[in-house]
Structures are given as C-alpha cells and as structure tokens.
Amino acid sequence: KVSESSELDDAMPHDKIVLTDNITINSTSSVFDIFFGEFDGNGQTISGVSKSLFKCLTSNAVVKNVNISDAGICLNDQYNAVISKINEGTIKNITIENTNIDVNAVGKIGLVTSINKSKGLIHNCTISADITSRNCMVGGIAAKTSGEIVNCTVSADILANNTSGFIAGKQQKTGEDSESTIKNCEVSGFLDGNKKIGGIVG
C-alpha cells in the first residue's frame, strides 16, 4: 500500500500496488521502466505528472482506478503519454483531467498511451485535456492502436500538424483478417490540423 509518492521508489515492477491517499509526483522521470504487476489507484488522485508513469506495461500488467489531475507534459520525447508510453496490458477506469500537453518533437502523443499494442486493452477511460503538437501523431486515448479501446470518453482541444484523432491518431490491423477495436466511445471538443484528422481516428 502506498500513501506517499516516495514509497513508489521502493516498489518492484511485479508488485501489487494500492494507493491509499492522493499523491503528488514531482519527478521528471517515469516511475517504472517496465511494469508487469498491478497498480490500483483505488479512486485516489495523482497530480504533478510531467512524464508517463510507466514506460512499458507488459501483457500481464494492470493499471486501474486512477485519477490524474493537473498533468503537464512539455517534453520532447519520441513517445509522450500520461499513463504509459507503450501498452500491452490492461488500463481501465482511468480519469485524466485538467491536463495540458505541449510537445514539439517528431513522435507520438496519446493521453493514456502512445502505442496501444495488439494485446493492449483500454476500457472506461475519461479524458479532459488540451493538446498542442507541431509534429506528432496525436490521439486523445492512443496515438496508434492495434489493440482494443472501449467505453472511453474524450473532451479535448487538439491542435496538431500531423495525423490526429480524438480517440486514436492511427488504427492498425492486428492481422490480415482482423481489425483492432474501437467501440462505444464518445468525443467532444475542437480538433484542428492539416493532415489526416478525424473525429474518432485520424
């Protein structure tokens, strides 16, 4: 159980972590590089996020019941996200609000994840954010997805000069005869760009 951000320093990537209080993260690096445990936010709020909480969630990883508030990501990494840069696991019941992302690098921006891989599941996420990007592929949930995105709501103002969508910048096939899944999602806001923009997918 974790009640202070400093306690995350002692956590291991296979642990089951449960937040018992709201925490503020002041670090400019990800909490975990590779995570294959369970992170249960327990309805608590994490604030101060300036870089993705995880670099990579493996297929065994679960991140759930987390509220993120007042995140501000202005870094120029290739992959930018609030929860995880790469997702192969399960992300569910996440709220991200009052968040601003302003990135100038060439790369990919997703509020939940940059890349949602074919085994990646993203369910029941609610996003409220402003995103500005000069060169990145942008998605309100994922920049690029070949996995599953279900029951998500995005309210955002997105200004981008590359492929962009409120849910995903790009949706990829998982195989010759199978598509990735985006369903039961709602979007609202403003989307402005000059290359492959779409209300759901760019």
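I began with Phe35, which counts as buried because its relative accessibility is 0%. I note for the record that this is a predicted model.

From there I looked up the ring partners of Phe35, and found an aromatic pair with Phe54 that is tilted, at 5.1 Å centre to centre and 40° between the planes. Phe35 lies in strand β3 and Phe54 in strand β6, so this pair ties together parts that are 19 residues apart in sequence. Phe54, with a relative accessibility of 1%, likewise counts as buried.

I then followed Phe54 to Phe39, where the aromatic pair is edge-to-face, with 5.8 Å centre to centre and 85° between the planes. Because Phe39 lies in strand β4 (residues 38-40) and Phe54 in strand β6, the pair ties together parts that are 15 residues apart in sequence. Phe39 counts as buried, at 4% relative accessibility. I recorded one aromatic cluster formed by Phe32, Phe35, Phe39 and Phe54, and a count of 4 aromatic pairs.

Next I turned to the largest nonpolar core, which has 50 residues, and saw that Phe39 is among those with the most contacts inside it, as is Ile141. Strands that each supply at least two residues of this core include β3 (32-35), β6 (54-57) and β14 (121-133). Leaving aside residues up to four places away in sequence, I listed what Ile141 touches, including Leu111, Val112, Ile127, Val154 and Phe166.

Last, I checked the chain as a whole: 0 helices and 25 strands, with buried residues making up 50% of its 202 residues. Of the contacts between residues at least 6 apart in sequence, 67% join residues at least 24 apart.

Conventions:
Residues are numbered from 1 along each chain as its sequence is written. This is a predicted model: local features need pLDDT of at least 70, side-chain atom pairs count only at pLDDT 80 or more; totals for chains, interfaces and linings use all residues. Side-chain values use heavy atoms; hydrogens and water are left out. Helices (H or I, at least four residues) and strands (E, at least two) are DSSP runs, numbered from the N terminus. Buried means under 20% relative accessible area, exposed over 50%, partly exposed in between (1.4 Å probe, protein chains only). Contact means heavy atoms within 4.5 Å. A nonpolar core is a set of buried Ala, Val, Leu, Ile, Met, Phe, Trp, Tyr and Cys residues joined through side-chain atoms within 4.5 Å. Rings of Phe, Tyr and Trp (its six-membered ring) pair if their centres lie within 6.5 Å; planes under 30 degrees apart count as stacked, over 60 as edge-to-face and the rest as tilted.
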